[in-house]
Amino acid sequence: MDFQGERSQRSGPRLSSMTGTARWPVTLRSGSVILQPMRRRDQAEWERIRRSNQAWLKPWEATLPPGSQPGPTSYVGLVRTLRRQAKEGRMLPWLVFVDAPDQSGPPELAGQLTVSGIVGGSASWAQIGYWVGQRFAGQGIIPTAVALACDYCFDVLSLHRIEIAIRPENEKSLRVVDKLGFRPEGLRPRYLHIDGDWRDHLVFALNAEEVPEGMMNRWRSLRRNQPPMR
Ligand SMILES: CC(C)(COP(=O)(O)OP(=O)(O)OC[C@H]1O[C@@H](n2cnc3c(N)ncnc32)[C@H](O)[C@@H]1OP(=O)(O)O)[C@@H](O)C(=O)NCCC(=O)NCCS
């Protein structure tokens, strides 16, 4: 695999696992995991996976605090809003697809990964949020997706810091940051409005210089030393 497109000054060999063009909208792939910018044509599949995973996702879903401006109420409205923010350089709204096991059909929608709150200049940071449908859990899909997104943020956007905030109760998500080697930064009380209330979050972060080898390279070598995924 190769990366087609412009390289940033400090990219070095870290982009070698990525495909696509350098600038948004960009599609990234590693093995069977694909990060695909959100498209209108994915509406039916997106609504299906969201509907069938309501109970699985609900405890971890962002909600709006009382009195805030209502957000988009449809998939089309959501895509329009996120695309506008992506155009302004504030967000990277990806859907996560995986190749069908026998490669017979088209890739299946497995979940979503969003890089949000992108700030440049002396901050140069962003946050990552993610989910997969329950049927896709435990296969290392989100760690791979996070590694791809981090390499893109560090190497192409030249961001310096990526943050992931997780409720202390979310053991599965805590495994993701632990396996990828994110640095724990501590508890932020009532940090985000999730599942209808302000919830405490543990914050994890990585600075670009903490992964000189690149996140995909790090994740690949870690996986080589682990027992096979379920
Ligand atoms: C958290 C989440 C994104 C992890 O994604 P993933 O692609 O399954 O990540 P992994 O494959 O690395 O699995 C993470 C952990 O899930 C657990 N897990 C393993 N198999 C599982 C299965 N079949 N079903 C559920 N969880 C499983 C394991 O604890 C695993 O850690 P391990 O690899 O050390 O054993 C996913 O569980 C999810 O979408 N949960 C609901 C939404 C959510 O929590 N979003 C994150 C908010 S911060």
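For this entry I call a residue buried if 20 or more other C-beta atoms lie within 10 Å of its own, and exposed if 12 or fewer do. I keep in mind throughout that this is a predicted model.

Entry on α6. I looked up helix α6, residues 215-224, and found Met 215, Met 216, Arg 218 and Trp 219 to be buried. These residues cover an arc of only 160° around the axis, which puts them on the same side of α6. On the face of α6 turned away from its buried side I found the exposed residues Ser 221 and Arg 224. I then asked what the buried residues of α6 pack against, and the partners are β1 (28-30), α4 (141-156) and α5 (171-180).

Entry on the ligand. I count 20 residues around the ligand, the closest being Ala 137, Gly 138, Ile 142, Lys 172 and Arg 175. At least two residues of this shell come from each of α2 (54-57), β5 (125-132), α4 and α5, and α5 gives the largest share, with 4 residues. Sorted by class, I record 12 nonpolar, 5 polar and 3 charged residues in the shell.

Entry on the core. The largest nonpolar core holds 56 residues, and those with the most contacts inside it include Leu 35, Val 96, Ala 145 and Cys 153. Its largest share, 12 residues, comes from α4. Setting aside neighbours within four places in sequence, I find Cys 153 in contact with Val 115, Ala 126, Leu 159 and Ile 162.

Technical notes:
Residues numbered from 1 in each chain as written. Predicted model: local features only at pLDDT ≥ 70, side-chain atom pairs only at ≥ 80, totals over all residues. Arc of directions from axis to C-beta. Contact = placed C-beta atoms within 7 Å. Near = placed C-beta within 6 Å. Nonpolar A, V, L, I, M, F, W, Y, C, P; charged D, E, K, R; others polar. Core = buried A, V, L, I, M, F, W, Y, C linked by C-beta atoms within 7 Å.
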